[in-house]
Amino acid sequence: MDRMARRIVRDDPRSLSRRALLTGLAGLAGAYALACSPAPTPTPVPPPKPIAPPPKPAPQPPTAAAKPPAAAPAQSKPAASGGFAFDRYKGTTLRWMVLSAPWVDMLKANLSEFEQLTGIKVTIDSETWIEKLLPILTAGSDEVDFFMSNKGTYGLRFSEAGWYEEMRKFVDDSSLTAGDYAYGDFFQSALDTCLVDKKLVGLPTWADHNFYYYRKDKFQEAGVPLPDPAKPLSLEQFAEIMPKLTKRDKEQYGIVTRGGARALIPMWISWLIVYGGNWKDSTGNWALNSPSAIKSYMEYGRMLREWGPPGITEQTDLNEIFCQGKAASYINTVVITPTLRDKAKCGVADQVGVSVMPGGRPYFFSWYMSISPFTKKKEAAWMFIQWASGKKNNLRTLLSGLPPVRKSTWDEPEFKNSAAAQKDKPLYDAQQASIAGGVADWLPWVHQVLDARDAIGAVVLKAAGGASEADVRSAADKLVDQMKEIEKRK
Amino acid sequence: MPMQTAPRAPAVAAGRREHVTTGGLLGFVDRHADLLFPAPAVLLIFVLLIFPLVYTFVLSFHYWFLSATSTPRFIGLDNYARLLADERFHHALWHTFYFTALAVSLETLAGLGLALIFNRNFPGRGLLRTALVFPMMSTPMAVVLVWALMYEPTLGIFNYFVKSLGFKPILFLADKGIVIPAVVLVDMWFATPFVMLVLLAGLSSLPIEPYEAAVVDGASRLQLLRYLTLPLLRPTIVVAVLFRTISALQTFDHIYALTGGGPDKASETVNLIGWFQIIENNDMGYASTILVALFLVVGVASLTLLSFRR
């Protein structure tokens with residue numbers, strides 16, 4: 001009976017045959033596969049990263065990265081004489097789209113001070129801010145008055161789209177800028193990171209850079225003098241002490257640092273700049289096969305191969321290797337300092353010293369605040385940016401544990417008299433020296449910067465793998481061709 | 001009994017039922033029930049499956065960078081030409097096949113073995129079977145990070161034993177030659193319980209009579225497995241392999257978290273480069289082309305596998 005019923009069903013032209021069912025299932029499986037793949041919905045934008053990339057403006061090659069900070073003249077005039085008043089735009093309401101970060105939280109906590117000072121209300125929008133910001137700017141809408149961005153991830157694209165209001169006109173206008181604002185007080189590296197095609201597109205917030213962390217006990221054991229916090233070791237001195245600190249048979253390494261192709265770029269840039277190289281030469285051609293560049297690949301590669309632990313990848317937990325006592329020194333970003341000095345998180349915390357990067361040219365990164373060209377409240381927005389980037393908030397930045405971007409901040413009496421300043425002088429000396437020597441343009445000025453990082457990093461890793469100089473040079477020649485191709489892509 | 005018939009009888013008699021079903025909303029519903037009832041499901045399928053599929057296909061013929069400053073520009077087959085010439089894609093395609101073949105075959109063998117073991121009665125069977133299903137319930141990214149630490153040459157537990165035996169540490173995730181097998185091992189940890197459960201269900205539904213007959217005829221255990229269990233279980237095995245193949249072809253999270261596609265792109269799969277093109281390069285047109293290629297790969301693999309089931 002059952003069999004007969006099944007035959008009847010199968011013979012019914014409207015019923016589903018097994019073959020049709022299976023074919024349909026296969027189709028659905030395929031469709032499901034595609035639907036579950038990262039579908040190109042128009043939302044994804046690179047998520048904001050704490051250490052995101054500020055690239056290099058192609059037409060203005062080596063200068064920005066290669067020159068140490070030059071003092072810019074103070075632009076503002078005394079408040080009383082310039083007719084400046086913070087409350088000139090009283091009653092205005094502003095919308096700020098900004099990432100969620102401790103620095104922003106610090107400003108939020110002091111927002112009432114700004115509101116009392118200016119009579120301006122500020123709405124801070126951090127919820128999926130970049131996803132919302134892009135369509136708003138694309139539409140040319142005045143829904144947002146000012147926003148956060150950075151050079152590496154957004155600079156080129158935002159600049160080409162005309163989404164940055166030029167900021168220098170506000171800084172230079174004494175009726176809009178307080179006399180004690182002191183634009184010249186910013187580190188040059190901090191201003192460089194806000195310069196896109198020689199245009200000031202924002203004002204810096206807080207600093208991020210590399211540190212050279214070292215184990216005091218390991219240095220002493222090896223008879224190596226402890227590095228001066230603010231005076232960097234030369235790369236030659238660094239290469240001399242490394243063998244003394246490395247005992248591979250005992251799994252003791254002289255250095256641990258980034259060894260993934262993409263991740264190593266902000267570390268390797270120091271070698272490139274110190275050896276006199278840069279992304280492009282003075283004629284605007286890619287210079288990644290120059291003798292300086294070749295030397296940087298070889299030396300960074302040698303460091304990884306001879307003095308570092310084996311098998312470092314993009315995903316390696318470098319903190320763990322250092323904190324478990326396997327390395328005598330460590331190069332990485334300043335943001336991990338609290339972790340490395342926390343005894344609960346790091347087994348060698350009480351032995352950790354800090355110094356400016358060997359060579360003295362660490363990468364430098366800062367988010368910046370920019371005004372939308374579409375807002376009708378540009379001047380009011382400038383009042384906020386001026387307040388947020390002023391001396392007082394830089395002091396708050398430093399007191400909250402983040403590196404500030406103004407030179408005078410460490411000299412503020414309130415900081416100098418603080419317990420932290422007394423206790424941690426080497427740390428703050430190293431901080432100042434690092435920011436002063438910071439390389440703002442530590443990424444190539446291309447849209448597809450991650451592809452560029454992969455390509456450059458691959459040459460460094462070739463050297464790390466023990467390739468001869470001739471092979472590395474040949475790889476660097478190919479790299480230049482790759483960079484030309486990547487540069488064409490939008 | 002009278003309560004069931006009394007109220008309806010007059011209406012039917014007066015032809016009211018016909019009136020109700022042919023007019024008004026109810027009548028409309030009645031007349032188009034064959035279209036209306038499946039409509040929500042069809043709509044859902046359209047929105048969640050068909051539209052993304054068609055939209056991706058359409059985008060694959062366009063140049064569109066997610067800067068949102070320009071609209072998609074039709075470029076014909078340029079993206080497909082780029083795909084065919086793209087060495088990175090060729091490598092990724094090979095890695096995808098290599099990973100899938102190795103992962104699915106090992107997981108099927110291990111899953112079958114476990115299913116045969118757990119199909120028998122022994123003390124603690126329920127407890128062990130539950131324990132084996134835990135990997136399916138774990139959070140992939142968290143577990144993968146633990147695996148990454150275990151693989152670490154300096155600190156990892158695996159290399160602790162390797163070094164204890166006097167050997168040099170194995171660079172599981174940093175050696176191009178072994179990175180994919182290392183990722184497959186993690187995938188096995190996650191996916192073998194799934195294969196085991198599917199095959200266990202298949203085993204429990206096999207008829208007993210052929211086994212009784214074979215035992216009477218003097219068949220050995222190996223013969224029972226070779227000539228009865230495996231042929232009878234074939235449709236279930238194909239289903240398990242089909243699901244695992246589709247999933248393995250698309251594997252993203254394990255590979256991304258363990259290797260990021262490295263070292264030097266040695267573990268980059270098609271899904272990974274699609275993701276990179278979207279998220280990192282914002283190259284929506286080319287990313288769509290990569291995903292269409294992945295769709296074709298998955299579709300062809302699924303149809304091929306299904307042909308084995310017949």
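**Reading strands, helices and backbone in a predicted model**

Guide: Let's start with a strand pair. In this predicted model, strand β3 (residues 146–149) of chain A runs antiparallel to strand β11 (residues 368–371) of chain A, and four bridges join them.

Visitor: Which residue of β11(A) is the bridge partner of A:Met148?

Guide: Strands of a sheet pair through backbone hydrogen bonds, either parallel or antiparallel. Here A:Met148 has A:Met369 as its partner in β11(A).

Visitor: In what order do the five strands of the open sheet in chain A stand?

Guide: The order is β2-β1-β3-β11-β6, with mixed pairing. β2 (121–125) and β6 (203–204) of chain A each have a single partner strand, so one side of each lacks a neighbour in the sheet.

Visitor: Which helix lies across β1, β2, β3 and β11 of chain A?

Guide: That is helix α4 (residues 102–109) of chain A, which runs at about 165 degrees to β1(A).

Visitor: Now the helix pairs, please. At what angle do α11(A) and α13(A) pack?

Guide: Two packed helices are described by the angle between their axes and the distance between the axes. For α11 (235–245) of chain A and helix α13 (residues 291–307) of chain A, the angle is about 10 degrees and the axes are 11 Å apart. That makes α11(A) roughly parallel to α13(A). A:Phe238, A:Ala239, A:Met242 and A:Pro243 of α11(A) make the contact with A:Arg302, A:Met303 and A:Trp307 of α13(A). By class, six of these residues are nonpolar, none is polar and one is charged.

Visitor: And how do α8(B) and α16(B) cross?

Guide: The axes of helix α8 (residues 87–118) and helix α16 (residues 270–280), both of chain B, come within 7 Å and cross at roughly 140 degrees. This pair is therefore oblique. Among the contact residues are B:Phe89 and B:Leu93 of α8(B), and B:Ile273 and B:Phe276 of α16(B). The contact has six nonpolar, two polar and one charged residues.

Visitor: Where does α14(B) bend?

Guide: α14(B) bends by about 55 degrees at B:Arg234, and B:Pro235 follows within four residues. The helix (residues 221–249) spans only 35 Å between its end C-alpha atoms, whereas a straight helix of 29 residues would span 42 Å.

Notes: Residues numbered from 1 in each chain as written. Chains lettered and ligands numbered in written order. Predicted model: local features only at pLDDT ≥ 70, side-chain atom pairs only at ≥ 80, totals over all residues. Heavy atoms only, no water. Axes fitted to C-alpha atoms, helices over the stretch in contact; angles between N-to-C directions. Helix = DSSP H or I, 4+ residues; strand = E, 2+ residues; numbered from the N terminus. Parallel < 35°, antiparallel > 145°, perpendicular 65-115°, else oblique. Contact = heavy atoms within 4.5 Å. Nonpolar A, V, L, I, M, F, W, Y, C, P; charged D, E, K, R; others polar. Expected span 1.5 Å × (residues − 1). Bend = angle between axes of the 7 residues up to and from the residue. Pairing = 2+ DSSP bridges.
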